[in-house]
Structures are given as structure tokens and as C-alpha cells.
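This report describes a protein model at the level of its fold, its surface and the contact between two of its chains. Please read the text alongside the sequence and the coordinates.

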Amino acid sequence: MILSAIAFYVFAAIIIASAVLVVSARNPVHSVFFLILAFFNAAGIFVLAGAEFLAMILVIVYVGAVAVLFMFVVMMLDINFVRLREGFLQYLPVGALVGIILLIELVFIVTTQVNVPEVLAISGAPTPNISEVTNTHALGRLIYTRYIYLFQAGGLILLVAMIGAIVLTLRERPGVRKQRISDQVGRSRSDSIEIKKVSPGNGI
Amino acid sequence: MPQAPVPDILPALPEIWLAVAAMLLLMVGAFRGNASTRMVSWLAVVAVAIAFVLVLSGSKETGTTFAGMFVVDSFSTFAKELILVGTAATLVMSMDYIRREGMERFEFPVLILLATIGMMMMVSANDLISLYVGIELQSLALYVIAAFKRDTLKSTEAGLKYFVLGALSSGMLLYGASLIYGFTGSTNFEAIGALYTQAGQEPSIGLIVGLVFLISGLAFKVSAVPFHMWTPDVYEGASTPATAFFAIAPKVAAMTLLVRVLIAPFFGAVDDWQQIITLIAILSMGYGAFAALRQANIKRLMAYSSIGHMGFALVGLAAGTEQGVQSVLIYLLIYLVMNIGAFAAILTMRVKGQMVEGIDDLAGLGRNNPMLALVLAILFFSLAGIPPLAGFFGKFYVFLAAIDAQLYTLAVLGVLSSVVGAYYYLRIIKVMYFDEPAESFERPIGREMTLILGASTLFTAFFVVFPGPFLAWTQQAAAALLP
């Protein structure tokens, strides 16, 4: 018990520290690295809470995809981060105000929860016992049986998104040199090598 | 550990078939290239026809599957048939256009098929989640279709506008859905409805707020005032077959979805939503009539016309009775057929290889091409609601339902805006027959176009002779929905 408490505080402290560093680091690449660190530690907290599926998703989706995407943006686009950061202090009061409002709202949500009695009767999908079934397993059982229809429909939506992206952006560009593997493999020696007789003393 | 039962997939067979067909056609297109677009389009029409047969031959009994998320009843069957007819007509109409305008890419029919699957999921939705997923599948495909002519500024603008405003409406819809879930504890329509009928208690205010947001999101999809802003610009900017598609099938899907949501789970709150629907209906009818008066572009005109027509259909819904639901279905059927014809005619408006969209370009059509002018005249008379054409009966049943539900103000305002609206339809007929002839349109218009124009005109003109089967059919569909 004490061990998991220690682990929680270590993870939590690292998350907060790296979150601060994300905002304050001078080098944007460092910022992204701190972001990744924060994600990893958040995954650790999820594992502690017994939500190992969320931990896996966090690492795969956020670290694997989103952070790498950020990295691409940071490294490939020439954005002047120093210029963007100008006036950081100037906007600080407004930002702090928004933060405080959000905090108050959170407190409201937690403290003023209303439970409609007849709702409580029908709500709550039966949660399987966590000691019997891992939550990855439980989710899988729901998604592939009860929600199979929505799962497949979601797949169709993604297919439409993919088709749409290709339809709207893919262009045939003439004059672009593309690699054609079949041409490369199909080359014979006579296409590329020419044997010349060199008579001695004359050069080529 | 208990084995989860395999859900019954038979009720969803038409959707599954269309999904498989769309993916197969995508493969065909990817391997054969854009030269195969025409073949892919025809195969898509065949796929839609097979889906139509599957819908028709499906079970007539009301049944749910996928843990109650998907429902099949006479109501959804009827709506799906309308949608499939609209899709097939659009596919056939678009073939020549996309080849001439240099947008012949095989993704066009495939995207239309995918949008159709979304619409069928919408009309079969029996759960807030499946409602949302269906809407998103439909809308996402429609955004791409709107921007399909990506090299023109107008089309990309239409796509972007549609996307941004559509995302906004999805946000409102989701917010409403989450409130409803929070206050009822379920996303299932039956469970929500059961909560209402219990002990006749007053619905909580949170539920009503959620319902208002849900109606706003859906009103956006049917482009009812005040959520109509995107319609004229998107209709004008998108390529004409895309506009035709927007005006036909998605309207039917969104309207039937709205009817199902309000009648199936929220029938107990009829007093609460009746005032909202009444207001939306009045605004849509009025705005559709007045804003269309000064339009010079026929696609924009059709956009305002569709806003107005959705207002008329909402009059039937506002009645909140079985007769009202039936009148909405009749209205949608007639609206679908008239719009197919009108857009087929617009797609033949071509001068010297260029598509034209101005109302002035129709000048003198009565002399240049008497047959086309006659067809257009019948269709526009019908859109205006002149007896004995089909459009008159659509409005007639809707107003009858409103009067039976004692919504006299609504019915009177509806008739008045119908009179105003008649002006701009009649103006087109006047331009066609009495103005100095402009350049005549290119001929021939193609065999498929002739067929579609002929079929829709015949239906419009002779609906008065054989309304019986349609009335019986819609009656059955409406009865399936009401408790």
C-alpha cells in the first residue's frame, strides 16, 4: 500500500514538473520531450489505478502518434517560438483567470451532483468484477459483441475519412521522378553497360 | 464466463450488403483506375437495386437487433426505399455530368454509396449512439462530395462551409444527447420512452434542454430555419449532381430521423416539442418563400425551395398524430420524386458544352425545346402545389393533419406562404414560355435523363389517379411508429 502511494506521488510530481517545463522550456524540441515524459507518467498513474487499458492507449496514441506529430511540426516547420512566446506574461492573468474558473466548475461538478432516482435504477452497465477479468478483456467483450454495430460503423466512418483525404488532396504531378521498382529490377546489363574498346595510348 | 450471443444480422442485411458492395467497388476502382468510373457507377446502381430488393423482402415485423440499437419496421422500410430510389436516380444522373466536367473519379459513386449506408443507419437508429454514428457517416461523405470538384473555388468553399457548420451542428446534437443520457440514464429510445410514460410525471427540465439541443442538431440536417444558413451556399457551390443528391436523399433521411426521435422516445413530451416544431415550420415556410423571390440562380432557388418544403413537412410532424406522421411520409415521397425530376432538368441545362445555372438561361425554352419545357412546367406547378398535381396532395395532407390537431394558425400561415412561394415557381414557367428565346440547350439529353424525367413527371402528373397504394403504405408505416 505504502509502495503504491510512493509510486503515485513520484508519478504525480514528475507530471507536474514536466508540465511546467513543457510551457517554460526555451527549446521547443525539449518541450515536446517533456510532454512525452508527462504522458508516460500519466500512464503510470493509470496502471496504479488498475486501468491498464487506458495506460496502453495513452502510450500508443499520445506518445506514439500525437507527440511524434508534434515533433514533426516542430522540426519541419520553421516556427519562431521565441516570437510566439512574447507577451507570455502579459496573457498570464487572463490564463490564470480561465484556470480558476475551470477549477471552480470542477468543484461544482463534484459537489453538486444530482442523481435522478429513476435514472439510477436503469443506469450502470454491469461492471465485471475487476479481480476476475482485466479491463482490456472486459472492453473487448463489450465492443466486439454488444457494440459490434457501432464498432463496424466507426470503421466505415474512418474509411470515408481516408477516401475523402485522398480524393481531395492526391494529385497526379507530371515530371516527378518516382521510383519504379519493376523498371529497376527489369533492367538488363545491355541497357546500362557499354563496352568500349580502348586502344592503348589514346585514352578514351 | 458466459459466451456473448451473436447478434442477429439479418435485419441489417441491406446495410451490410451496401457496405460490402462499396468496399468491393472501391477495390475495382483502385485497380482499374479512373477509366472505370462509368462501370463503377453502373455497378453502384445495381448494388442499390439489390439493396432495394433486400429491404423490400425483409421482415415486415417490427424488430430490433444489435442490443436494441437497430430497428426495422414499416416506417424504416418505407424511408429506406425512398432513400435508395433517390440514390439510384442521383447516380444515374451524375454519370454524364462527371465525365463532361472532368471530375470523373471512381470515388464519387463509392462515396455516394457510403453516404447512403449512413442514411439507412439513421432511419434505423433506435439509440442515441447509433443515431449519431449514422449521421456522421452520412455527413462526412457528403462534405467530401460537396468539395469533390476540388479545382474550383466555389466547390471547395461549399465543402468547407458545410464541414464547419456541420461540425457545429454535430456538437449541438452530441451535447443534447449527453444531457438526455444524463437525465434518463439510457441512450436507448425504448428506455427513454418508457421513462416518459411512467406514472405521468413531468419530464425534468434537463431532459427538455437536451431535447431542444437534439432538435437543433437535427433541424440543421434538414436545413430548417434558423439552421438553414449553409443551404444556399452549399447548394450553389457544389457540383450539380452533388446538389441534387443533397436535396433528395439526405433530406428524407434526416426528416424521418427527426420524426422517429420525436415520436418514438419523446412522444410523452409532445406538448413540449410541438411548439418548437411549429415555430421552426412557420419560419422555414416563410423564409423559403420570401428569400427565393429574388434569386437568379436556379440552384440557389432550389435550395430555398427545399428549405420551404422541409417547413411544410414539419407542419405534419407538428401535429404529432398518426395522421401527421403519415402526411410527412407522403410529403417526403412526393418531394423526392419532384426534386429528382427538377434536378434532372437542371442537369440538362447546357449551352455550348458549358453548364448554365441562371433562370434567364431558361428563357424561351417553350419554343426551343417544347417537351423539356412541358416537363419542367409540370414539375414546377407541382412544386408550387397546384392541383391536381402531386405536390398539391403533399401539402393537402399535411395541412389536413395540422387542422385535425387544431393547429389553425400553423395551417393558415402555411397556406399563405405556399401562395407566396407559388410566385417564384410560376416566374420560371413565365420565363420559359413568354420571354424572348435565349440560346437553346444542347441536345440530345441522353436516354437515362429522358427516362428519369419521364418517370418523375408521370408520377407527378398522375398521382391523383392512383394515390391508394401510397396512402395505404404510408398509413402502415406511420402506424408502426406510434405506440
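The sections below go from conventions to chain A, its surface and its interface with chain B.

## Basis of the values

This is a predicted model, in which local features need pLDDT of at least 70 and side-chain atom pairs count only at pLDDT 80 or more, while totals for chains, interfaces and linings use all residues. Residues are numbered from 1 along each chain as its sequence is written, chains are lettered from A and ligands numbered from 1 in the order in which they are written, and side-chain values use heavy atoms, with hydrogens and water left out.

## Chain A

The secondary structure of chain A consists of 10 helices and 0 strands, where helices (H or I, at least four residues) and strands (E, at least two) are DSSP runs numbered from the N terminus. Of its 204 residues, 18% count as buried, a class that means under 20% relative accessible area, with exposed over 50% and partly exposed in between (1.4 Å probe, protein chains only).

Among contacts (heavy atoms within 4.5 Å) in chain A between residues at least 6 apart in sequence, 56% join residues at least 24 apart. Ile57(A) lies in helix α3 (residues 52-76) and counts as partly exposed because its relative accessibility is 31%; its C-alpha atom is separated by 29 Å from that of Phe108(A), 51 residues apart along the chain.

## A nonpolar surface patch

Ile2(A), Leu3(A), Ile6(A), Val10(A), Ile14(A) and Leu37(A) together form a nonpolar patch on the surface with about 570 Å² of accessible area. Such patches are made of residues with over 30% relative accessible area and no salt bridge, nonpolar side chains (Val, Leu, Ile, Met, Phe, Trp, Tyr) being joined within 5 Å and like charges within 9 Å.

Helix α1 (residues 2-24) gives the most to this patch, with 5 residues, whereas Leu37(A) is found in helix α2 (residues 28-48) and, at 38% relative accessibility, counts as partly exposed.

## Interface with chain B

In chain A, 28 residues are in contact with 37 residues of chain B. The two chains bury about 2,800 Å² between them, 79% of it on carbon and sulfur atoms, buried area being the accessible area (1.4 Å probe) that two parts lose on being put together, summed over both. In chain A, Tyr149(A), Val160(A) and Val167(A) lose the most area to chain B, together 24% of what that side buries.

The rule finds 1 salt bridge across this interface, the term requiring a side-chain nitrogen of Lys or Arg within 4 Å of a carboxyl oxygen of Asp or Glu. The side chains of Arg171(A) and Asp151(B) meet in a salt bridge at 2.9 Å, N to O. On the side of chain A that touches chain B, α8(A) gives the most, with 16 residues.

Key. Areas by Shrake-Rupley, 256 points an atom, 1.4 Å probe, with all protein chains shown as cover.
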